[in-house]
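Student: I have the model open and would like to go through a few parts of it. Can we start with one of the helices?

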Amino acid sequence: MKQMIKKGLSALSAALLALCMLTPVHAAETASLADALDQTARLQQLAEEYAAAQQTESDPMMLTVNYIRTQRYADATWDMILGMPSEEFAQFVEQQAPELEQLQTLENVQIPATGETVDFVHLVAGAGATYKRVPVVCTWGGDCIQLAGSIQGTSADEEGCIQQLKPYFACEDENASLMPQSDWLADLDGVNIGSTLSSGSDLSEAIEQYYENITGEERARRFVLAQFGEADTGDQQAFRQQVKDKFFGDSGVQLLLLSQKQMTLDEERNIVTVDSMDAPLNAVCSLTADTLAEMLGGAQVTDAPVQGSESQTGETESGEQATRPQVQSTAPVLGQSSLARTMQKHTWLPWALGGVVVFCLLVLTVLSRKGR
């Protein structure tokens with residue numbers, strides 16, 4: 001009987017191993033920007049064909065964005081901001097070009113001109129949100145909230161919080177931060193690219209043109225103009241306050257923080273930050289300002305075109321929409337592991353795992369009782 005129990009344990013181990021093999025975990029790899037853009041161009045072409053064939057008012061741009069973000073940013077609040085992903089369009093893509101599903105799980109792409117890596121799905125989602133005029137909370141604001149939440153209640157001193165968070169703000173180590181550099185760049189670039197988009201724009205072409213000649217200084221200049229307007233980044237306190245005013249005044253930020261009970265209403269019904277989040281949130285805003293100022297060398301930013309560059313700025317104000325995507329882990333925001341994404345896509349897998357484990361345990365229990 002002992003041999004039977006041993007065999008049962010071996011069977012349980014084998015079953016669990018087989019199930020684990022159904023949900024493989026792969027390390028994140030850096031993909032080619034050119035390949036990602038080729039696939040995006042093909043996807044938008046299919047979106048245009050689909051919209052024309054259906055004779056609907058569907059926006060091919062948003063069909064494209066929503067198809068790409070549907071796995072990584074798959075919750076009701078993102079759907080409220082960007083619109084529901086079209087299941088019919090997804091089926092159309094599956095029929096015409098099933099390989100395009102790879103875009104939904106794509107993580108970092110490398111920018112040829114600079115060698116930098118940028119989270120591609122994060123970039124596309126941010127560009128789509130900016131196109132829909134909800135840039136703050138869906139890009140840098142959302143990532144800042146997540147990073148601030150990691151030290152909620154640890155200190156009431158802003159400078160102390162800055163020192164705690166500085167090593168993790170836009171750091172190069174993807175696994176060491178809730179806000180790695182690939183997310184920070186996706187935030188900036190998503191806003192900058194999204195600000196140039198309009199109905200009928202070619203998303204892949206807009207991304208390609210943006211990255212052809214972008215530099216760190218020009219990236220930061222466009223972002224500052226798009227989000228904060230003209231600014232003297234060399235005046236640290238004034239620029240920090242300018243960033244804080246934009247952040248705390250954004251309705252999407254307010255609603256997200258209220259929903260997470262990180263903001264509340266005071267006796268006069270004014271929206272205020274809870275004590276445990278006040279210093280961390282101010283700290284991440286200051287880090288945002290300081291990082292941009294460093295990228296710009298403390299320069300004064302105006303809307304006058306920079307000689308030798310092609311300034312592409314658009315709307316500077318976010319829409320007043322009362323919605324906000326739930327903050328996810330981006331390493332994300334905000335990436336998810338391959339296992340998490342697989343579980344999310346195939347919702348039956350956790351139930352299958354649990355069912356097999358329960359069955360095996362029942363068998364072992366029966367065997368052990370017989371053994372006695």
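Student: What covers the buried residues of α2?

Tutor: The cover includes β1 (31–32), α3, α5, β2 (108–110), α6 (120–131) and α11 (203–212), where contact means heavy atoms within 4.5 Å. Helices (H or I, at least four residues) and strands (E, at least two) are DSSP runs, numbered from the N terminus. The model is predicted: local features need pLDDT of at least 70, side-chain atom pairs count only at pLDDT 80 or more, and totals for chains, interfaces and linings use all residues. Residues are numbered from 1 along each chain as its sequence is written, and side-chain values use heavy atoms, with hydrogens and water left out.

Student: Which residues of α2 are buried?

Tutor: They are L33, A36, L37, Q39, T40, L43, Q44, L46, A47, Y50 and A51. Buried means under 20% relative accessible area, exposed over 50%, partly exposed in between (1.4 Å probe, protein chains only).

Student: Why would residues three or four places apart point the same way?

Tutor: An α-helix has 3.6 residues a turn, so residues at that spacing point the same way.

Student: How far does α2 reach from its first C-alpha to its last?

Tutor: Helix α2, residues 33–54, reaches 31 Å with its 22 residues, close to the 32 Å expected at 1.5 Å a residue. The expected span is 1.5 Å times one less than the number of residues.

Student: And what is at its ends?

Tutor: At the start of α2, a side-chain oxygen of S32 comes to within 3.2 Å of the backbone nitrogen of A34. That is a polar contact (a pair of N or O atoms within 3.5 Å; within protein, one must be able to donate a hydrogen and the other to accept it, and residues adjacent in sequence count only if both atoms are side-chain atoms). Just after α2, Q55 has a positive phi of about 55°.

Student: Where is S86, and what does it touch?

Tutor: S86 sits in the loop between α4 (76–82) and α5. Leaving aside residues up to four places away in sequence, S86 touches Y50 and L63. Its side chain also reaches the backbone nitrogen of F89 at 3.0 Å.

Student: Switching to α12. Is it buried or exposed?

Tutor: 10 of the 12 residues of α12 are buried, so the helix is largely enclosed by the rest of the structure. Among them are E218, R219, R221 and R222. The end C-alpha atoms of α12 (residues 216–227) are 16 Å apart, which agrees with the span of 16 Å that its 12 residues should have at 1.5 Å a residue. Just after α12, G229 takes a positive phi of about 80°.

Student: What about K261, buried or exposed?

Tutor: K261 counts as exposed, at 71% relative accessibility. K261 lies in the loop between α14 (251–259) and β7 (263–265), and has a positive phi of about 60° although it is not a glycine. Its C-alpha is 9.9 Å from that of M277, 16 residues apart along the chain.
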